[in-house]
Amino acid sequence: MTVLATFVWGWLLGAALLGFCMGWIAVVHRAQGVSKLWMRWLALLAAALVAASFARVVPGRFGYWLDLFLMMFALYLVGCAIGSWLRDWVVSRSKPAS
């Protein structure tokens, strides 16, 4: 993973910044949420992909792409969380006290 991060740090930084921007602009949630059943299936899929990556089940180029996808997706989600948290903090500070 360290070698992967050394060679594709620009893409990883881009994923984190894109996540930050999406988290910043997507504070308001007007859509219907994901059901619990879908949430469980998505969590199971994510766990299976992480397990396949750690067990090195997928060899060669596709294994490299899987590792890169998981790293970029994790950084995207972290960027989303930080962006939405900072946006909430900025908006809550600018509201007048009632």
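Modeller: On a 1 Å grid over the protein atoms alone, a pocket is an open set of points where a 1.4 Å probe fits, with protein on both sides within 12 Å along at least five of seven lines, and lining residues have an atom within 4 Å of a point. The model is predicted: local features need pLDDT of at least 70, side-chain atom pairs count only at pLDDT 80 or more, and totals for chains, interfaces and linings use all residues. Residues are numbered from 1 along each chain as its sequence is written, and side-chain values use heavy atoms, with hydrogens and water left out.

Biologist: How much space lies in the largest pocket?

Modeller: A volume is the space filled by probe spheres set on the grid points, which are joined across faces, edges and corners. For the largest pocket the value is about 190 Å³.

Biologist: Which helix gives the most to the lining of the largest pocket?

Modeller: Helices are DSSP runs (H or I, at least four residues), numbered from the N terminus. Helix H3 (36-55) and helix H4 (60-94) each supply at least two lining residues. The largest contribution, 6 residues, comes from H4.

Biologist: Is cysteine 80 buried or exposed?

Modeller: Buried means under 20% relative accessible area, exposed over 50%, and partly exposed in between (1.4 Å probe, protein chains only). With a relative accessible area of 18%, cysteine 80 is buried.
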